[in-house]
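Let's take a friendly walk through a protein model together.

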Amino acid sequence: MPRNMSFALTKQQIINRKKTVTRRFGWAFLKPGTVLNAVEKGMGLKPGEKVKRLCQIRVVSVQTERLKDISQEDCAREGFPEYSPEDFVRMFADHHKRPPESKVNRIEFEYLEDCPYYR
């Protein structure tokens, strides 16, 4: 059974299939070909609340890089085409309370199906 990966902040980008890259602290164990369930929220569920699966994705590549090295193209692939690299780094670093020099895992993925639960 595939592991769940949360896309709480980018749910709409996943539903619209506009996101093909994600940056994560952790997840370095992923290998190309790994299938994951993209979910709305994976942790912090209230009693009785269930995980909402958005769709399945397959990992294409995983590489480690500094957060601040993101390109304009990758801002768009992250689902934020209107953000400059500086804007994206500020938002991501602030949200995760990490400095821009932090190493992150850049995970490229492809969609295996539509997001049937939200169409």
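Predicted model: local features only at pLDDT ≥ 70, side-chain atom pairs only at ≥ 80, totals over all residues.

Residues are numbered from 1 along each chain as its sequence is written, and side-chain values use heavy atoms, with hydrogens and water left out.

Look for the open sheet, where 5 strands run in the order S1-S3-S4-S5-S2 with mixed pairing. Strands here are DSSP runs of E with at least two residues, helices are runs of H or I with at least four residues, and both are numbered from the N terminus. Two strands pair if DSSP finds at least two bridges between them. At the edges sit strand S1 (3-6) and S2, each pairing on one side only.

Now follow strand S4 (residues 53-66) alongside strand S5 (residues 103-111): they are antiparallel and share 9 bridges. For example, Thr64 has Asn105 in S5 as its bridge partner.

Next, find the largest pocket, which holds about 360 Å³ of space. A pocket is an open set of points on a 1 Å grid over the protein atoms alone where a 1.4 Å probe fits, with protein on both sides within 12 Å along at least five of seven lines; lining residues have an atom within 4 Å of a point. The volume is the space filled by probe spheres set on the points, which are joined across faces, edges and corners.

Which residues are closest to the centre of this pocket? Of the 18 lining residues, they are Ser6, Leu9, Arg24, Phe92 and His96. Helix H3 (85-96) and strand S2 (21-24) each supply at least two lining residues, and H3 gives the most, with 5.
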